[in-house]
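User: I would like to go through how the two chains of this model meet, and on what grounds each term is applied.

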Amino acid sequence: MMENESIAVDILLVEDNPYDAEMTIRALRKKNLTNSLIHLKNGAEAIDFLFGTGDYEGRKISKNPKVILLDLKMPKLDGIQVLSAIRKDERTRETPVVVLTSSREDPDIRECYRLGVNSYIVKPVDFDKFIEAVSSIGLYWLLLNQPPVDDR
Amino acid sequence: MANKTPVTARTKTKRIQAILSKLSSLAEGDYESYLPVSDDLDGLDAIAAGVNALGESLKAKEKASNEQEVRINKLIDVLLKYTIMDFSMRCEMSDREDELDALAAGLNTLGEELDYAIRQLKQGEAKLSKIIEHAPDAVVVINQEGIIKTWNPAAEKIFGWQETEATEKPLHELLIPDRYRRQHQEGLKRFLDMGVSKILDKTIEMPACRKDGTEILSELTISHVKQKDGYMFIAFLRDISERKKAEDEIRQLNNTLERRVEERTLELLESEQKYKLLFDCTPLPKWIIDLEEYRFQVVNEAAVKHYGYSREEFLSMTAVDIRPESEREKFLNFNRTFPAQDQNIGIWKHQKKDGTIIDVELSVQNVLYNGKKCRLVVVNDVTEKLKAHQELNRINEKLEQMVEQRTSQLQNANREMEAFTYSVSHDLRAPLRAINGYAQMLTEDWNTILPPEGLRQLNSITENATRMGQLIDDLLRYSRLGKAELNPTSFDLNGIVEEVINELKQAVAIRAKIKIQELGNVIADHILIRQVYMNLVDNALKYSSRKSEPQVEIGVNDHLIHGKRVYYVKDNGVGFDMKYYDKMFGVFQRLHNQEEFEGTGVGLAIVKRIITLHDGQVWANGVLNEGATFFFTLKLN
């Protein structure tokens, strides 16, 4: 699944729930932030994509995403494992990761911060609030935040 | 002599007649006259001379006989003097050395001897008197009529009668107690009549009277002498009242002593028996070992039974022999280094005759036994006890393990439950969000072509989804309280009540008149108590919202219940029927339907849970359509 290799990815959305994903993308699109968004449906895919392995074997990794929106509860590799892998690898260590999850569980929050997450957002149940939250995240990380210097 | 005259017949006759007369005088004892004798020396003269010679001879004879008589009379006088105990006279001796002289000499010797003897006697008597006078004993002499003849100073002293008062008085009147007088007189009479006496020359004890009427006990010895005028009795009396008393005391003391000795002996016997009993009649084995060789000196029946050794076997062994090899050194070391004294020396291992090794708890006491330093050992076989103890420990451990296991199971279950509720919340939320979102998206994207009925239906979908979200949230909040740990701090209740009201004001317009009393400080979990007020005030506002003049009162009672302050939140709203009271604090229990008043039915359940966590109580009063008051108690500061 070799998507447009040359295009630098702004947002990497890792979300197994297609409805949440659609709503997230809809919110971001309303702010025109979806030009270079890639949606992956589980942790394993995310790892393969980021490190050019598995299905993404040979993918040319030009630039890291400006932000990775990471769900926690996912089949196969869950969000925490993905976060751990990202922070362990030199290539992705500095990439901003925002956990976007339904879990308000303390252990999850604690573990994510311990692994070096940049932000932890609980998905609001209310649709409007959800849209607002996602929009804010997108605007902040893509427009306001200065991404880390990429040496590659 | 005779004148020479002519002899004549007549002269002759005269002469003859003179001779005859002379003879007759001689015959009559008249020897003084003599016959004249003439110088003629005739016949008559010869006769006259012869008669004169005879006269002379008779006269001499008579003279000699008179002398004898005088001498004899003199001897008789001396003898008479002797008989009246006058030995001062002596007989005169003649130089004739005849029989009378011999007699006189004998008498004189006798007189002298008697004189000496009497003098001796008198001396003795004087001595005797002195003795009697100074004798410490009363010496009383009576004659055979019982009249007192001698009464010495000791008698005066002992009996109180002076010598002058006592002498010549009958003894029985002075000394003999009434009850003995007859006996005394009879005894005296018997002796005089028959010479028999029960008391003479013996020492007897007799009560005797004193002048002052008191009686003493005397030790009495009576001797008797026969004198010319009858018997004399000499009585020696000694006051032995004191001695007797002392003797009695001594006797009594002796008796007491004897009795005590007897008692003590009995006691000793008894205690020996007791000890023997104690030693023998006990289920605990006991023995005594000496401290040199640890040899058994004595063992009780229980030891014999318990260890299987006969008494004889025991007595031939030492305490080392009843220990397993492995323990012997320990035993010897212990005794070398620690001479145990009267105490429990802990648990040891012994070996029975059949080889069984038992655990025994030993109590020891050092004793002297048969003069040897020994040790009394009391054995308590704790093998079974130890086993039971170990078993108990094992069971306890098992129980503890089980408890631990159960606890961890419970903890696991709790964790699982938590995980479950969270995943429920997560997994339930996601579809809700989707339902909500898609309904919203539908509205947003297609509202221009949807008919009003379609929009209303979409709205119902959104409303229900929202409500379900609230239910999930409340459920989560409630379940989270189950494992909540209190974090008590001191805070002002009025502060949180204000916060709560402000927060509520943001959500809905508040029409009600809210009256807030001074509530004071509490020590409680700030967040949880805030939740309590949030729920109660929210309820009060909600259920009074339809009233024309809704009123809510937040206060505290003056009186305490069980030492706790009573807080309340009161409204004048719809109230409730007390018959549904039981349902009120249950989860998802509602007394109103959703159209009337919104709500999930978790609020009061949460209130109850929080207050219960604080050891408080919750209750309510309500009258349908008049209002409700919710009470809860919290500990004082």
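**The interface of chain A and chain B**

Analyst: In this predicted model, chain A and chain B bury about 1700 Å² between them, with 56% of that area on carbon and sulfur atoms. On the side of chain A, Arg26(A), Val125(A) and Phe127(A) lose the most area to chain B, and together they account for 36% of what that side buries.

User: What makes the pair Asp20(A) and Arg433(B) a salt bridge?

Analyst: The closest N and O atoms of Asp20(A) and Arg433(B) are 2.8 Å apart, and the cut-off between a side-chain nitrogen of Lys or Arg and a carboxyl oxygen of Asp or Glu is 4 Å, so the pair qualifies. The count between chain A and chain B is four salt bridges, and the rule for polar contacts finds six residue pairs across the interface, both residues being at pLDDT 80 or more.

User: Which helices of chain A each supply at least two residues of the side that touches chain B?

Analyst: They are α1 (18–30) and α5 (127–144) of chain A, and α1(A) gives the most, with seven residues. By class, that side of chain A has seven nonpolar, four polar and 10 charged residues.

User: How do you know what confidence the predictor has in chain B and in the complex?

Analyst: For chain B the mean pLDDT is 84, and 97% of its residues reach 70 or more; within chain B, confidence is lowest in helix α8 (residues 241–280), at a mean of 78, and highest in strand β15 (residues 564–571), at 94. For the complex, the predictor gives an ipTM of 0.76 and a pTM of 0.41.

Notes: Residues are numbered from 1 along each chain as its sequence is written. Chains are lettered from A and ligands numbered from 1 in the order in which they are written. Side-chain values use heavy atoms; hydrogens and water are left out. Buried area is the accessible area (1.4 Å probe) that two parts lose on being put together, summed over both. A polar contact is a pair of N or O atoms within 3.5 Å; within protein, one must be able to donate a hydrogen and the other to accept it, and residues adjacent in sequence count only if both atoms are side-chain atoms. Helices (H or I, at least four residues) and strands (E, at least two) are DSSP runs, numbered from the N terminus. Ala, Val, Leu, Ile, Met, Phe, Trp, Tyr, Cys and Pro count as nonpolar, Asp, Glu, Lys and Arg as charged, and the others, Gly among them, as polar. pLDDT is the predictor's confidence in each residue, from 0 to 100.
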